[in-house]
Every structure is written in C-alpha cells, then in structure tokens.
Amino acid sequence: MIDKAKNNMAALNTENPLHLTYKNDLVSIAVLGGIKLEALERLRGTLKVQLNKSARPPLRHNLDLYSDTQLDRFAKKCAEKLEIGASLISASFYELIEELEKYRLSQIKEREERAKPTTIELTTKEQETAINFLKEPNLLEKTNDLIGKSGVIGEDINRQIMYLVFTKRKQQQPLHVISFGSSGTGKTHLQEKVSECMPPEDIIGITTLSDNAFYYFERKALSHKIIIIEDLDGFVGALYPLRELQTKKKIVKTIVRKDSNGKTKTEHLIVEGPVCVGGCTTKEGIYEDNANRSFLLYLNESNAQDQKIMDYQRRAASGNINPHQETEVQEFLQNVQRVLKPVKIINPFAEKLVLPESVFKPRRTNSHYLQFIEAVTFYHQFQRESKFDKKTGEEYIEVTIEDIENANYLLKDVLLRKSDELTGSCRNYLEDVKTYLKSQKKKQFNAFEIRKALRVPKTSQWRYHRQLEDSYLIKKVKKKDKQTNQYQVTDEKEYQQMEAQIQTVLDDCLEHIKKSVCGDSPCSSVPKRSKSKVERSTK
C-alpha cells in the first residue's frame, strides 16, 4: 500500500503549476491552466487526454471533476474517440482527482504558512541595546539624528512626525499621514525611507489595488500594520474601504456563492484593523475625505533643500556614502520598534488642552492632536512610570508636560496648515510672491513677472490666483498705462499673525498646565530648542 501511494504521488507532475500532468500505464492527462485553490466544493479544470504511444489526437474539455454527470459524459466520449474501455478511463480520472486533491490541500497549507506573520526574535543583547536607547534623554532628537543617518535628507520635522505616526500603529487608535508635494520633490522617497526604519513584518507596501481587493485579505492580515501607498492616484476605487478601515477599524462585504449542491448562500468577508496608512499625492484637493483622517505633510521644495539632496547624490556617486552604515541604522531602529509594547495611555492634562479657534474641522483635528501626544508618550514608555487602575488592575502610563511640549513643537506647522483656508501649494505660492516683492522692493506685480521669477506653470498660477482672489488675499489693480493686469497682496502679515495666534494658544495652555501642576516652582521641561524658525515643510 505504501509503495502504491508513492507511485501515485510520483504520477502527478507539479513542476509547472499552470500545466499539471498525470500519467499512468494507459493515458497521459494534462490540466491546462492548473486548478484554483479557492472554492473547495469545486474542482474545475481544462483536461487534455491522450493515449500513451498513440498517434490519435488528444481530447480537450473543460469540466468540474466533482460533477459525476460531466465526468461520466467525458469518460464515454474519451472511450469512444480513443477506443479504450470506459471503465479504464474513468479509473484514471478518479486517480487524477485523488492526486489533485492532495496537491491542492498541500498548496493551501503552504500558502497559509507563508501568510502567517513572521516574528523576529531579538537576542538578549539586541533587546538591552534597544531598551537602553529608549531610556536616553532627548530621545526624539537622537531618533531624528538616526533617521537622518538612515538616508533621509532634510525634512527634519516631517520625518519625525511620520516616524511617530508609524510608531502609533501598535495602539488601538493609530494615526495616518499623507505627503503632498510637486512631482519629483521626494514624497515617495521620504515615506519609503522612514518606513524602512519600521520592522518589515509590519509593513504592507502597495503600488496599485483593485476596488474590492481589501475585502479579500485574511481577517487579521492588516491588523496593526502600516499600509504604504506610493501614489493615491492608483487607489481611487479602493479609497472607500480604506477610509472605513481607518475610521471603523473593520470592513465587511457580503457576497453570494453556490455550495456543492448548487444552492445559493450568503457569506460575509470581514477584514479587521486597526491600520496605519501612509500615502503620497500631488493632488491636494482630490482626496479631501482621506486627508481629513490624516496628518498632512507638505514637502520642503526650497532651493536649500534641493542643494542638500543634490549634495547627497554627489557624495553617493563618489562613494562617500556608506550604504551598509545606513542599513545598520535602519535595522537598529527596527529593533527599537520591536521592543515597544502596546500600553494604555492616560492624558491627565487633556481637559486643559485647547486648539486655536481658527482651526478648520476642529473635532477631528482635536482628536488627532490628542492622539499625537499619546504617540509621543508611547515612544517614551520606558521613561514613564507604570501605574495600575485600582478598579480593573489594568496597567497604564501617563502623558507628561514634556510630551505635550514635544508634540506642540512638532505639530505647530501642521496646526497652522489646518487653520489655513488655502491649499498648501497655493500658500507656498503666495509666500514666495511676498518674498519676491520684498526683495524687489515692490508692492505690485503682474502674472508673467512672477511666472518667470518663480518658474510657475501658467495653469497652476491661474488656479492660485483664482483661489487667492476668492479669499481676498490679492486684488487686481487696473492702471491706464498698463496693458496687463497688475496684482497687489492685500495683507502681507496675515500668515505670520495666524502663526503667532496658534503659538500663543499652545503656549498659554502649556503655561496653565505648568502652573496647575508646579505652582510657582519651575517645571522640568524639554531642552531648549533652537530659536530659529521651524523649517516649513511646505516651502
């Protein structure tokens, strides 16, 4: 019996999964196109049946091998055309079915094994090194330095925000981020390099996706994962289920299938989160529903950033950049992420934190603000005292004043953008126009002059001017001696005033918290940062 089983297994050749072949002493049968691993109640395939050592042409037929009616008809047809006994060819078919079932079950088992999340076990030394790093003072600044050494050039604020957003994936309320910028400004590069600092087993990188593909992931396959989308433009059809995953942390699709008896039944496809989503796009206004759920990062498009990147490219081309060192830094940060554990976070100062009134969509922005503070606390978990709920015994850590200061420092520009009625690209254009007029000591300008100075496409400029005129931030000035329209900025300091207002609100909240906690005694706070203006990620 054992020898016979070995011979039968050897009879099915599976080297080419799209051309399975079965051979016995009588016939050779090829399964063209292979078989589907789904729908175990069916075994549909296209068979090519040929007599061994015979010049007779083969027979081809598509059928469900689990249908006795179809199988008997095809066996009779083969017996007639090939001039052999119907019982012999039927026996060959049933041997083939046995082998195909074994093959299909083995393939399903292999696929399930591959789908299982890979767990990386750190050595005791690797764990100690990572934990000691997470206990160091000025943790965020040291982490930022390492992110830079991993290959991220510039974008100091953006890369810290993205790193903390990706870190929050381990909690029940993850955050999301969308990067905006012109083509070729490095949006995908920034996202890719920061995601490489995360454990590979927690990353799902997607270039394009069909409309319903999200519903066919395994139930827990996306849970606490980072979904990296290179270009949101290739995701238009899949954006709705993605938004549902972000908001409800679960998507459900109801489909209809037929069982082995041909009876229709309803099935529910359920995929559970929570997920963390990172995406890139040049089209700021198109993905508003997704943008409302995310932190919006605007890439630095300044000449200074261009020079930094080009200098890095030249050093890399000349062999003065060590790629192995960059890889080592990435692997270290991955280990740092692996030792972080989910923990409940309580913010005892939450009721005293108030957003500026100028912020649009304050409900969602307020939630993002509080969750980002939690992300900072979560990353500092090895520097926070563990406490336990007296009623439930649940372990938790608390937000500190230092965490709020760090969050305010990083999010000032994000909150500023959330308070601006202009799109990021339009705001960049207006601020560049202001800088140009100041350098030229002018009050008015024409469109052609600005296009030439700032190298702005005509269609983009027309779109910016329409938005700026609707917002009364520029106005047309008609002059009899001028054939072209002249424009004038209505308020040169409106953006700086909005920035100062946001900073004042954040500072006032923090001072109020410090007084309530420390009284007249000075509170410990984060180290003084540079007084220079925060690098605007939109420039």
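Helix H16, spanning residues 458–470, lies across strands S16, S17 and S18 and runs at about 100 degrees to S17; axes here are lines fitted to C-alpha atoms, for helices over the stretch in contact, with angles from 0 to 180 degrees between N-to-C directions. Helices (H or I, at least four residues) and strands (E, at least two) are DSSP runs numbered from the N terminus. The model is predicted, so local features need pLDDT of at least 70 and side-chain atom pairs count only at pLDDT 80 or more, whereas totals for chains, interfaces and linings use all residues. Residues are numbered from 1 along each chain as its sequence is written, and side-chain values use heavy atoms, with hydrogens and water left out.

**The sheet**

- An open sheet is formed by 3 strands in the order S16-S18-S17, with antiparallel pairing, where two strands pair if DSSP finds at least two bridges between them.
- Strand S16 (444–445) and strand S17 (474–477) stand at the edges, and because each has a single partner strand, one side of each is left without a neighbour in the sheet.
- S16 is joined to strand S18 (residues 486–489) by 2 bridges, the two strands running antiparallel, and Phe-445 stands opposite Tyr-487 in S18.

**Nonpolar cores**

- A nonpolar core is a set of buried Ala, Val, Leu, Ile, Met, Phe, Trp, Tyr and Cys residues joined through side-chain atoms within 4.5 Å; buried means under 20% relative accessible area, exposed over 50%, and partly exposed in between (1.4 Å probe, protein chains only).
- The largest such core has 61 residues, and those with the most contacts inside it include Ile-161, Phe-372 and Ile-404; helix H13 (residues 401–418) gives the most to this core, with 8 residues.
- Leaving aside residues up to four places away in sequence, Ile-404 touches Phe-349, Leu-353, Tyr-369, Ile-373, Val-399, Leu-510 and Ile-513, contact meaning heavy atoms within 4.5 Å.
- A second, separate core of 27 residues includes Val-31, Cys-78, Ile-89 and Leu-96.

**Cysteines**

- The count of disulfides comes to 0, a disulfide being a pair of cysteine sulfur atoms within 2.5 Å.
- Cys-280 is in no disulfide, the nearest cysteine sulfur, that of Cys-276, being 13 Å away.
- Cys-280 counts as buried at 1% relative accessibility, and Cys-78 counts as buried at 0%.

**A loop residue**

- Ala-350 is found in the loop between strand S13 (344–346) and helix H12 (362–379), and with a relative accessible area of 27% Ala-350 is partly exposed.
- Ala-350 and Thr-124 are 226 residues apart in sequence and 37 Å apart in space, C-alpha to C-alpha.
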